[in-house]
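This report describes selected features of a predicted model.

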Amino acid sequence: MVNRAVLAHRLFTGISREHLAGLVEELAAPWEAGLESRRHAARGGVRKRAAGAGARHQLVFIDRLVATLIHLRHDLPHSVLGLLFGIDRSTIPRAIGEIRRLLAERGCAVPHQPDLRLRTLADVFAYAQAEGVELRLDATEIQVPRPPANRGGRRAFVSGETKQNTMKATVIADWRGRTLWTDALRPGRMHDATAARNEGIAVCFQHFPDVEVLLDDGNLGLSRDHRGQAITPPRKPRSGALPGRVEQWERDRHGHSSDRITVEHALADHKRWKQLIRWTHRRDRLADIYCAIAGLVSDRTAQA
């Protein structure tokens, strides 16, 4: 059996011992509850043997958590993880699937409020209005395998920007680049503004009128519909405008880009995890993967 501390700190280099201990304390009880619920359903009733009887887990909870973190960070094959932990590779996918769902459901951490997690877009807007936080929103694309030929909806994944098969994630960060929320991923052909509208951003603007969100040029429609709240870069002056007007536009545009660059830094933090550089597995698992990674990154940045 490989030493767990060695695995956590030599292979999975993006997490501290304190963070790992906090994850164990937070997720162990939900994992045990889910395990007992599945056993209850399989038995069709309450257990007839005393607690502790029967076979033992080959992979205890902390080993399952560490294996999942290593898989998310480095995308190691299941056979390699099985070799590292001294178990059959068939045990690894089930263990990763259980922990991945728990990590995805955690939501994102709030700076200096360890007991509060943001899970929905409404949660983020409520937090921003209560704390006076100006939000930054942007979208990123992750390359995914090409869908099989002659399948309906195959073109929906072809991005108009990169001309590749992608899925798109919308991310919100604060002024220091701390991740606050990410949505369920959508096919890459969908426009950034459409993806935000589908998540209910119009309703959030209506119910939280004091919240401002910095956006890029791809969200001009949101800026037009929610003036004073959805803020995009200033429009370029018409041809023949006075030099002073052009210089002022350049300063304003540079200032807007400088304020919004923090969400780009948040996206860069996500892409340091190898599974988000290029996704090569089943597309229906990518949403949970992204939410899990965003939550782990937010844990670290919330302490900064």
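Helix 2 (17-43), strand 1 (108-110), strand 2 (113-118) and helix 11 (286-302) each contribute at least two residues to the lining of the largest pocket. The volume of this pocket is about 510 Å³. Its lining comprises 28 residues, of which His 19, Arg 106, Asp 299, Arg 300 and Gln 303 are the closest to the centre. Sorted by class, the lining holds eleven nonpolar, seven polar and ten charged residues.

The structure also contains three aromatic pairs. Two of them are set out below.

| Aromatic pair | Centre-to-centre distance | Angle between planes | Arrangement |
|---|---|---|---|
| Trp 31 and Phe 61 | 5.3 Å | 40 degrees | tilted |
| Phe 125 and Phe 205 | 5.4 Å | 90 degrees | edge-to-face |

Trp 31 belongs to helix 2 and Phe 61 to helix 3, so this pair links distant parts of the chain, 30 residues apart. Both Trp 31 and Phe 61 are buried.

Phe 125 is located in helix 6 (residues 121-131) and Phe 205 in helix 8 (residues 201-207); the pair therefore ties together parts that are 80 residues apart in sequence. Phe 125 and Phe 205 are likewise buried, and together with Phe 208 they form one aromatic cluster.

Charged side chains also meet aromatic rings. The charged end of Arg 73 sits over the ring of Trp 273, at 5.0 Å from the ring centre. For Arg 283, the charged end sits over the ring of Phe 157, at 4.5 Å from the ring centre.

Technical notes:
Residues numbered from 1 in each chain as written. Predicted model: local features only at pLDDT ≥ 70, side-chain atom pairs only at ≥ 80, totals over all residues. Heavy atoms only, no water. 1 Å grid on protein atoms, 1.4 Å probe; cavity = no way out; pocket = protein on both sides within 12 Å on 5 of 7 lines; lining within 4 Å. Points joined across faces, edges and corners; volume = space filled by probe spheres on them. Helix = DSSP H or I, 4+ residues; strand = E, 2+ residues; numbered from the N terminus. Nonpolar A, V, L, I, M, F, W, Y, C, P; charged D, E, K, R; others polar. Phe/Tyr/Trp six-rings, centres within 6.5 Å; stacked < 30°, edge-to-face > 60°. Buried < 20%, exposed > 50% of the residue type's maximum accessible area, 1.4 Å probe, protein only. Lys NZ or Arg CZ within 6 Å of the ring centre and 35° of its normal.
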